[in-house]
Amino acid sequence: QLIAEARRFSSFLLVTGSITASQIFEPNDAIIVQNNDEVILPLILGTFPLSDEFDDLISSLSPEQQRFARSARDAQTESCLFCVGFVEIRPQIEELLGLPANS
């Protein structure tokens with residue numbers, strides 16, 4: 001499983017997608033993780049559960065997390081290379097408070 005957790009006052013974009021050709025990343029879905037959020041993405045490395053089983057597994061998640069999990073599962077079941085990317089979103093509070101970068 002992939003666990004993405006943002007520290008306090010930090011945020012990043014978690015992007016799932018696939019590599020469709022040499023040096024071409026095709027994003028499928030994304031979610032913003034911020035301020036102590038935690039996203040747990042079950043990565044299925046063996047046998048894939050049936051659609052009904054998968055729906056039962058994610059039924060306790062929020063609608064946004066369910067959509068993200070479904071998108072990630074769809075990307076995993078395709079015949080291309082599944083990948084995950086992180087894009088840092090610089091919190092503007094550092095600039096607002098006049099703090100040095102990465103403080």
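Two residues are in contact here if they have heavy atoms within 4.5 Å. This is a predicted model, where local features need pLDDT of at least 70 and side-chain atom pairs count only at pLDDT 80 or more, while totals for chains, interfaces and linings use all residues. Residues are numbered from 1 along each chain as its sequence is written, and side-chain values use heavy atoms, with hydrogens and water left out.

Q: In what order do the elements of the protein chain run from the N terminus on?
A: Elements here are DSSP runs numbered from the N terminus: helices (H or I, at least four residues) and strands (E, at least two). The protein chain has 3 helices and 5 strands. Starting at the N terminus, they go β-β-β-β-α-α-β-α.

Q: How much of the protein chain counts as buried?
A: Buried means under 20% relative accessible area, exposed means over 50%, and partly exposed is in between (1.4 Å probe, protein chains only). The protein chain has 103 residues, and the buried share is 28%.

Q: What is the average twist from one strand to the next in the open sheet?
A: Strands count as paired if DSSP finds at least two bridges between them. The open sheet has 3 strands in the order E3-E2-E5, paired in the antiparallel sense. E3 and E5 are the edge strands, each pairing on one side only. From one strand to the next, the twist averages 25 degrees.

Q: Which residue in the turn between E2 and E3 has a positive phi?
A: E2 covers residues 11-21 and E3 covers residues 24-34, and they pair antiparallel over 10 bridges. Together they make a hairpin with 2 residues between them. The turn residue with a positive phi, about 60 degrees, is glutamine 23.

Q: What is the bridge partner of isoleucine 19 in E3?
A: Here's another pair in E3 to look at: valine 15 has alanine 30 as its bridge partner. For isoleucine 19, the partner is phenylalanine 25.

Q: How far apart are the end C-alpha atoms of helix H2?
A: The expected span of a helix is 1.5 Å times one less than its number of residues. H2 (residues 63-77) has 15 residues, so it should span 21 Å. The model agrees with that, because the end C-alpha atoms are separated by 21 Å.

Q: At what angle to E3 does H2 run?
A: Axes are lines fitted to C-alpha atoms, for helices over the stretch in contact, and angles between N-to-C directions run from 0 to 180 degrees. Among the buried residues of H2 are Phe68, Ala69, Ala72 and Ala75, and their cover includes E2, E3, E4 (38-41), H1 (51-58) and E5 (81-89). H2 lies across E2, E3 and E5, and to E3 it runs at about 155 degrees.

Q: How far apart are the axes of H1 and H2?
A: Two packed helices are described by the angle between their axes and the distance between the axes. Ser51, Phe54, Asp55 and Ile58 of H1 meet Gln66, Ala69, Arg70 and Arg73 of H2. H1 and H2 pack at about 145 degrees, and the distance between their axes is 10 Å.

Q: Is serine 71 buried or exposed?
A: You'll find serine 71 in helix H2. Beyond its neighbours within four places in sequence, serine 71 touches Thr16, Asn28 and Asp29. Its relative accessible area is 14%, so serine 71 is buried.

Q: What separates the C-alpha atoms of glutamine 1 and isoleucine 40?
A: Glutamine 1 sits in the segment before strand E1 (2-5), and at 64% relative accessibility it counts as exposed. Apart from neighbours within four places in sequence, glutamine 1 is in contact with Ile40, Leu41, Pro42 and Leu43. Glutamine 1 and isoleucine 40 are 39 residues apart along the chain, yet their C-alpha atoms are separated by 6.9 Å.

Q: What is the phi of asparagine 36?
A: Most residues other than glycine have a negative phi, and most peptide bonds are trans. In the loop between E3 and E4, asparagine 35 has a positive phi near 45 degrees, and at 42% relative accessibility it counts as partly exposed. Asparagine 36 is found in the loop between E3 and E4 too. It isn't a glycine, but its phi is positive, at about 70 degrees.
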